[in-house]
Amino acid sequence: MEKARILILGGTGDARVLAQALAATGRYEILLSLAGRTQKPVCQPVPFRMGGFGGAEGLASFLGKGDFDLLIDATHPFATRMSINASQACKAAQIPALALRRPEWSEEPQDRWTHVASVADAIDALGPSPRRAFLAIGRQEAHLAEARPQHFYLVRSVDPVDPPLALPDVELILDRGPYVVENEIALLKAKRIDAVVTKNSGGSATYAKIAAARLLGIEVIMVRRAESADMQRLATVELILSAVGHLFPPSRKRGV
C-alpha cells in the first residue's frame, strides 16, 4: 500500500514535533516546508524545503505536481497570509487541509494586559511619554517601533533585524526559546522594562515573559490574533495525529 503524502507548512516547534510523530508511524511520506525567514533553522526530522510557493496558485500547483493527499498548516498563528493561501490552494487542488493552532494565552486576574489589533497599534499604545519597552514580536515588524522613537526598546529575535533599526535608544538580543520565568524576571529587572509588547501566539515556549510580567506588575501590550483561515483547526499534535489517522486508516489505499 502506498503511503499518503503530506505537506506540512512549518515554522514552529509544534510543526517539528508533528512531523516527527507522523514520520514515526511509518504510514506517511512527509515533506516539511519552511518559509526561510530564519537564517539557521533547527535540525528537522523529515525531508524539508525552504522558501515560498508564489501565492495560493503556486501552492496549488505544487500540491498537484507533488501528488499530495493532505496539507497541514502548522505555521505561526500570525502567519495569516500563508494560512489564507493554504486554504485557497487546498480547495483548488481538491485535497483536505488541517490547521494546528495552539490555544491563545488567557489573561489572569493579576495580569495587566492592554489588548490591541496590530503591532503598530501596540507601539502607539505605549503612549507619548518615554518608556522602556521589551519588544518580543520577532524581527519582521520591529521596524514599526521607529514611529515612536522616544522610547527605549529591548528587541529580542532569533536573527538580526535587517536593516538595523533607526532608533536612538535600542538594544538587540539574539536568542531562541524556550525561556524560563526566572531568567525573564532577571532580564526585565536588569533592563528596567515597564511594558512588554508581544503577540498572543500561545504555547509554552515563550510564555515565561508573560508570567514574569505578571509577577513584576508590568503592563503587557497584547496583539490579538486575526481571524483564522477557513480550514479545520485542532489545538494539539495529538488531535492532528488522530484526525490524520481517520483520513488515512491503515486499510485505505491511496486514491480510494
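These legends describe close-up views of a predicted model.

**Figure 1. Two domains in the protein chain.** The domain assignment divides the chain into domain 1, which comprises residues 3–101 together with 225–245, and domain 2, which comprises residues 111–221. Taken over C-alpha atoms, the centres of domain 1 and domain 2 are separated by 29 Å.

**Figure 2. An open parallel sheet of six strands.** The strands follow one another in the order S3-S2-S1-S4-S5-S12, and their pairing is parallel. The edges of the sheet are formed by strand S3 (48–50) and strand S12 (232–234), each of which pairs on one side only. On average, and with direction ignored, neighbouring strands of this sheet are turned by 25 degrees against each other.

Figure 3. Helix H7 (residues 237–247) lies across S1, S2, S4, S5 and S12, and runs at about 170 degrees to S5.

**Figure 4. Strand S4 and its two neighbours.** On one side, S4 pairs with S1 in the parallel sense over four bridges, and the bridge partner of Leu9 in S4 is Asp73. S4 is also joined to S5 by three bridges, the two strands running parallel, and here Asp73 stands opposite Ala99 in S5. Between S4 and S5 the chain passes through helix H3 (residues 80–93), giving a β-α-β crossover that is right-handed. In a regular strand, side chains alternate between the two faces of the sheet. In S4, Leu70 and Ile72 point one way whereas Leu71 and Asp73 point the other way, and all of these residues are buried.

**Figure 5. The edge-to-face pair of Tyr28 and Phe248.** Four aromatic pairs are counted in the model. For Tyr28 and Phe248, the ring centres are 6.5 Å apart and the planes stand at 65 degrees, so this pair is edge-to-face, a term used for planes over 60 degrees apart. Because Tyr28 belongs to strand S2 and Phe248 to the segment after H7, the pair ties together parts that are 220 residues apart in sequence. Tyr28 has a relative accessible area of 7% and is therefore buried, the limit being under 20%. Phe248 likewise counts as buried, at 7% relative accessibility.

**Figure 6. An aromatic cluster of three phenylalanines.** Phe53, Phe62 and Phe68 form one aromatic cluster. Within it, Phe62 and Phe68 make a stacked pair, with 5.8 Å from centre to centre and 20 degrees between the planes. Phe62 is partly exposed, with a relative accessible area of 26%, whereas Phe68, with a relative accessible area of 5%, is buried.

Figure 7. The peptide bond from Asp162 to Pro163 is cis, with omega near 5 degrees, and Pro163 is found in the loop between strand S8 (152–157) and strand S9 (170–174). The peptide bond from Gly177 to Pro178 is cis as well, with omega near 10 degrees; Pro178 has its place in the loop between S9 and helix H5 (181–190).

Figure 8. Although Asp67 is not a glycine, its phi is positive, at about 55 degrees. Asp67 is found in the loop between helix H2 (55–65) and S4, where a relative accessibility of 45% makes it partly exposed. Gln94, also a residue other than glycine, has a positive phi near 60 degrees. Gln94 lies in the loop between H3 and S5, and at 74% relative accessibility this residue counts as exposed, because the limit for that term is over 50%.

Terms used
Residues numbered from 1 in each chain as written. Predicted model: local features only at pLDDT ≥ 70, side-chain atom pairs only at ≥ 80, totals over all residues. Heavy atoms only, no water. Pairing = 2+ DSSP bridges. Axes fitted to C-alpha atoms, helices over the stretch in contact; angles between N-to-C directions. Contact = heavy atoms within 4.5 Å. Domains from an automatic or database assignment. Buried < 20%, exposed > 50% of the residue type's maximum accessible area, 1.4 Å probe, protein only. Right-handed = clockwise from strand over helix to strand, strands pointing away. Phe/Tyr/Trp six-rings, centres within 6.5 Å; stacked < 30°, edge-to-face > 60°.
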